[in-house]
Amino acid sequence: MLLLPSERIKAEALRLGFSACGLAPAEAVDEAVQGSFRQWIADGRHATMNYLQNHEDKRLDPRLLVEGARTVISVALNYYPATSLPADSYQIASYAYGKDYHDVVKAKLNLLLSTLSALCPGASIQGRAFCDTAPILEKYWAWRCGLGWIGKHTQLIIPRAGSYFFLGELIVDAVADRYDMPQPDRCGACTRCMEACPTQAIDSPFHLDAGRCLSYRTIEHRGALSPETGEKMGKTIYGCDRCLQACPWNRFATPTDTEEFHPSPLLLQMKKEDWHTLTEEQYKTLFKGSAVKRAKYEGLMRNIRRIKGREKEED
């Protein structure tokens, strides 16, 4: 039986620009994790994101998602910005500075998939690439593939690198010559991420109440924002980075080399008054090919109006 050469796959992943890569056998998710996920859904902690409760069987066993699945290859791609938005302007979460990560990561994964047969002469490797686009527990598989551990803020932490990473997976129909082992939790007694959360959405270690999270409220939530949400948003009109900013492991973060994740000059030039008068056409130009489209123009302007109203009250 031909085996996937794990070290050569990792080297190829790094050549393509990924920051980390690991492999694990495709099998059912650990039973304790399955139980925790089911309880999280049963408690309604996923808020209105009902898609998270769909296809539970596939989400908890990748062999049901990809026919013939034998191996999960997990990758991480750094998005930590080299340049930040001006401090006196409105802010957006740093993951959304550049092009939509779904497209960038998936394109690189497909390039990696195309090389697997060449790395394993005589074999035709079949598989599928995913990046936040299917029912997969991505952080679980990143942990299971040895990339890092899941911190108390529920984000993956890579040792001496931090949490500013997009995750993606290849699920393939071949066995590898070596698999990676999960890494131990290294958060210790630290609770800085929990203390930094403005809405106490991290209501216990490793547990997120999505409905209280500002990323959910400013992106996924439809309808009006409460005055309380406006008070907690600060100057951020899309998403929230505060738990990541508080994490001591992110002192090791280094700026991304991925050109697509760099903010455009047009975005860097935006001032508060420009945001206040942003038209839908300007929005489409500013965020063409961006993850910010998830909130839509109406959602982004709702967020801006909420902060603008609060700032007027404070003057």
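Predicted model: local features only at pLDDT ≥ 70, side-chain atom pairs only at ≥ 80, totals over all residues.
Colleague: Which residues touch the most other members in the largest nonpolar core?
Modeller: Ile 92, Leu 116, Leu 170, Tyr 238, Trp 275, Phe 287 and Leu 300. That core has 96 residues.

Colleague: And which helix gives the most to this core?
Modeller: Helix 4, residues 101-119. It gives eight residues.

Colleague: What does Phe 287 touch?
Modeller: Leaving out residues up to four places away in sequence, Phe 287 touches Ile 92, Leu 267, Trp 275, Val 292 and Leu 300.

Colleague: How does the lining split by class?
Modeller: Ten nonpolar, eight polar and three charged residues.

Colleague: On to helix 13. What span should it have, and how far apart are its end C-alpha atoms?
Modeller: Helix 13 covers residues 296-314, so 19 residues at 1.5 Å a residue should span 27 Å. The end C-alpha atoms are 28 Å apart, which agrees.

Colleague: Which of its residues are buried?
Modeller: Tyr 297, Gly 299, Leu 300, Met 301, Arg 302, Asn 303, Ile 304, Ile 307, Arg 310 and Glu 311. Leu 300 is also one of the residues that touch the most other members of the largest core.

Colleague: What covers the buried residues of helix 13?
Modeller: The cover includes helix 7 (214-220), helix 8 (227-232), strand 10 (236-238), helix 11 (272-276) and helix 12 (280-286).

Colleague: Now backbone angles. What is phi at Ala 47?
Modeller: Near 55°, a positive value in a residue other than glycine. Ala 47 is in the loop between helix 2 (31-42) and helix 3 (56-59).

Colleague: Why does Ala 47 count as partly exposed?
Modeller: Because its relative accessibility is 23%, and buried would need under 20%.

Colleague: And Gln 200, where is that found?
Modeller: In the loop between helix 6 (192-196) and strand 8 (202-204). Gln 200 is not a glycine, yet its phi is positive, about 55°. Gln 200 is partly exposed, with a relative accessible area of 43%.

Terms used:
Residues numbered from 1 in each chain as written. Heavy atoms only, no water. Core = buried A, V, L, I, M, F, W, Y, C linked by side-chain atoms within 4.5 Å. Buried < 20%, exposed > 50% of the residue type's maximum accessible area, 1.4 Å probe, protein only. Helix = DSSP H or I, 4+ residues; strand = E, 2+ residues; numbered from the N terminus. Contact = heavy atoms within 4.5 Å. Nonpolar A, V, L, I, M, F, W, Y, C, P; charged D, E, K, R; others polar. Expected span 1.5 Å × (residues − 1).
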